[in-house]
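Notebook open, structure loaded. I want to go through the pocket first, then the overall fold, then a couple of residues.

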Amino acid sequence: MKTVREVIVVEGKYDAIRVHSAVDAIVVQTDGFRIFKDEEKRALLRRYAAARGLIVLTDSDSAGAVIRNH
C-alpha cells in the first residue's frame with residue numbers, strides 16, 4: 001500500500017472508505033456542504049494544508065465544484 005504524505009479530502013464516508021482501501025493516508029470527509037458550517041473542521045484543514053498539503057478529491061458534479069473552488 002502506498003503512503004501519501006498529504007492529507008486527502010473527500011466528500012463522504014464511502015469516498016473515505018475507498019481511499020483508505022487504496023492508500024495509507026490521513027483522510028478527512030467534508031460531509032458535503034456541511035464543511036461550510038463546521039468551523040472546527042475548516043480550521044483543521046487549514047492546519048493540515050500548512051503542515052502537509054492537501055489533495056482534494058470530489059465528485060465531478062456541481063456540489064464537488066463548489067467544494068473544490070472554496
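I looked up the largest pocket and got a volume of about 270 Å³. For the record, a pocket here is an open set of points on a 1 Å grid over the protein atoms alone, where a 1.4 Å probe fits, with protein on both sides within 12 Å along at least five of seven lines; lining residues have an atom within 4 Å of a point. The volume is the space filled by probe spheres set on the points, which are joined across faces, edges and corners.

Ground rules before I go on. This is a predicted model, where local features need pLDDT of at least 70 and side-chain atom pairs count only at pLDDT 80 or more, while totals for chains, interfaces and linings use all residues. Residues are numbered from 1 along each chain as its sequence is written, and side-chain values use heavy atoms, with hydrogens and water left out.

Next I checked the lining of the largest pocket. It has 13 residues, and I35, L45, L54, I67 and H70 lie nearest the centre. α2 (39–51), β5 (54–57) and α3 (62–69) each give at least two lining residues, and α2 has the largest share with four. Helices (H or I, at least four residues) and strands (E, at least two) are DSSP runs, numbered from the N terminus. By class I noted eight nonpolar, two polar and three charged residues in the lining; Ala, Val, Leu, Ile, Met, Phe, Trp, Tyr, Cys and Pro count as nonpolar, Asp, Glu, Lys and Arg as charged, and the others, Gly among them, as polar.

Then the fold. I read three helices and five strands, in the order β-β-α-β-β-α-β-α from the N terminus. The radius of gyration is 12 Å, close to the 11 Å that the globule rule gives for 70 residues, so the protein is as compact as a globular protein of that length. The radius is taken over C-alpha atoms, and the rule is 2.2 Å times the number of residues to the power 0.38.

Last, two residues. V10 lies in strand β2 and counts as buried at 1% relative accessibility; buried means under 20% relative accessible area with a 1.4 Å probe, protein chains only. I put the C-alpha atoms of V10 and L57 at 5.1 Å, though they are 47 residues apart along the chain. E11 sits in the loop between β2 (7–10) and α1 (13–22) and is also buried, at 10%.

Key:
Buried means under 20% relative accessible area, exposed over 50%, partly exposed in between (1.4 Å probe, protein chains only).
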